[in-house]
Amino acid sequence: RELIRIKPNIIHTHLMGGDMIGYLWKRVSPKTIWISTAHNVEFHTSLIKRIAWKIFLKKVDAVIAVSDAVAAYSHEHFSVPEEKIHIIYNGVDTKQWKKIPVKVIDTDTLSFATIGRLEEQKGHVYALQALARLKDIPWTYHVYGQGSLENSLKHTARTLGIADRVIWHGQHTDMAHAFKEIDVVVQPSLWEGMSLVVLESMAAGRLVVTSVAAGSGIIEDGVTGYLCETGNATDLSRVLRTIVENPKDSMHIAKQGRVQVEKHFDIKNHYRAIKNLYSSLLSF
């Protein structure tokens with residue numbers, strides 16, 4: 001009803017539910033420009049949904065991919081023509097996060113944190129397994145988020161003998177305040193489009209350790225953060241131990257990470273690119 005009332009020149013949709021509406025509206029109003037933003041690689045989505053999605057996107061005029069990996073996936077698996085794909089990286093409000101001072105890493109009371117839904121995609125189990133290999137080091141692990149794996153992950157922490165060192169915060173709405181107590185953000189995701197958590201953590205001046213799947217295209221390993229092999233707890237524990245052994249280097253890397261996000265991933269760049277895309281499609 002709203003689309004009939006507004007009669008838009010452009011309809012811009014996100015995620016499968018939105019894309020279904022875009023597909024249906026495009027059939028009703030073929031002259032409307034339809035843009036879809038692809039946020040993720042969709043290997044985890046059921047085959048039936050992926051087939052449906054592929055059918056929907058046959059009518060799309062442009063796809064905004066939030067990363068190179070998402071662009072490649074949209075072309076290879078959804079058959080979106082390359083000329084319709086526009087890579088516009090995710091952005092964050094760097095001005096907001098810059099208010100948080102860079103934290104001196106204290107290896108006597110090291111504070112790790114993972115931020116995100118407690119679901120398979122985010123790879124929390126690998127962080128728990130990695131930290132269990134570092135029992136000789138004084139650390140606390142903060143988990144921010146809710147999800148279907150909460151009980152399973154708590155059981156894993158107990159089995160690994162580290163439950164007393166893990167703090168489960170649940171859903172948290174004030175990460176700006178929480179960051180003040182966090183030394184290192186650990187994001188061991190198994191797949192991502194372009195992680196906003198990684199971008200925000202770097203913008204907040206926090207050292208980030210992430211899987212290749214979550215940090216590719218954002219982090220230069222050992223320069224603006226640390227990358228570890230995706231789904232490999234042993235490699236993750238190796239990187240975390242490196243941080244403990246080289247706290248001064250780690251602080252320098254955290255500062256460089258903040259500069260990287262300010263330069264390449266500010267939300268203003270994101271807005272500007274979308275505005276330019278709208279203008280080019282309307283003029284076409």
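**Entry 1: the cores**

I looked up the largest nonpolar core first, and it has 44 residues. Met 175, Phe 179 and Ile 218 have the most contacts inside it. A nonpolar core here is a set of buried Ala, Val, Leu, Ile, Met, Phe, Trp, Tyr and Cys residues joined through side-chain atoms within 4.5 Å. Buried means under 20% relative accessible area, exposed means over 50%, and partly exposed lies in between (1.4 Å probe, protein chains only).

I noted that this is a predicted model, where local features need pLDDT of at least 70, side-chain atom pairs count only at pLDDT 80 or more, and totals for chains, interfaces and linings use all residues. Residues are numbered from 1 along each chain as its sequence is written, and side-chain values use heavy atoms, with hydrogens and water left out.

Which elements give two or more residues to this core? I listed α2 (15–28), β2 (33–38), α3 (47–56), β3 (62–65), α4 (68–78), β5 (110–115), α8 (175–178) and α9 (196–203). Helices (H or I, at least four residues) and strands (E, at least two) are DSSP runs, numbered from the N terminus. α9 gives the most to this core, with five residues.

Next I followed Ile 218. Beyond its neighbours within four places in sequence, Ile 218 is in contact with Met 194, Ser 195, Val 198, Leu 199, Met 202, Thr 224, Gln 260 and Phe 265. Contact means heavy atoms within 4.5 Å. I also found a second, separate core of 31 residues, and Leu 128, Ala 157, Leu 240 and Ala 254 are included in it.

**Entry 2: two helix pairs**

Two packed helices are described by the angle between their axes and the distance between the axes. Axes are lines fitted to C-alpha atoms, for helices over the stretch in contact, and angles run from 0 to 180 degrees between N-to-C directions.

I took α6 (residues 124–132) and α7 (residues 150–160). Their axes come within 10 Å and cross at roughly 15 degrees. α6 and α7 are therefore roughly parallel to each other (angles under 35 degrees count as such). In this contact, His 124, Val 125, Leu 128, Gln 129 and Ala 132 of α6 meet Leu 153, Thr 156, Ala 157 and Leu 160 of α7. By class, the residues of this contact are six nonpolar, three polar and no charged. Ala, Val, Leu, Ile, Met, Phe, Trp, Tyr, Cys and Pro count as nonpolar, Asp, Glu, Lys and Arg as charged, and the others, Gly among them, as polar.

Then I turned to α9 and α12 (residues 247–264). Their axes come within 7 Å and cross at roughly 115 degrees. Leu 199, Met 202 and Ala 203 in α9 meet Gly 257, Arg 258, Gln 260 and Val 261 in α12. I sorted the residues of this contact into four nonpolar, two polar and one charged.

**Entry 3: single residues**

Is Thr 32 buried or exposed? Thr 32 is buried, with a relative accessible area of 5%. I placed Thr 32 in the loop between α2 and β2. Not counting residues up to four places away in sequence, Thr 32 touches Pro 8, Asn 9, Ile 10, Ile 11, Trp 25, Lys 26 and Asp 61.

Val 28 is in helix α2. Val 28 counts as exposed, at 63% relative accessibility.

Last, I checked phi. Most residues other than glycine have a negative phi. Leu 15 has a positive phi of about 70 degrees, although it is not a glycine. Leu 15 sits in helix α2 and counts as exposed, at 52% relative accessibility. Ser 79 also has a positive phi, near 60 degrees. Ser 79 lies in the loop between α4 and β4 (85–87). Ser 79 is partly exposed, with a relative accessible area of 44%.

Definitions and conventions:
Angles under 35 degrees count as roughly parallel, over 145 as roughly antiparallel, 65 to 115 as roughly perpendicular and the rest as oblique.
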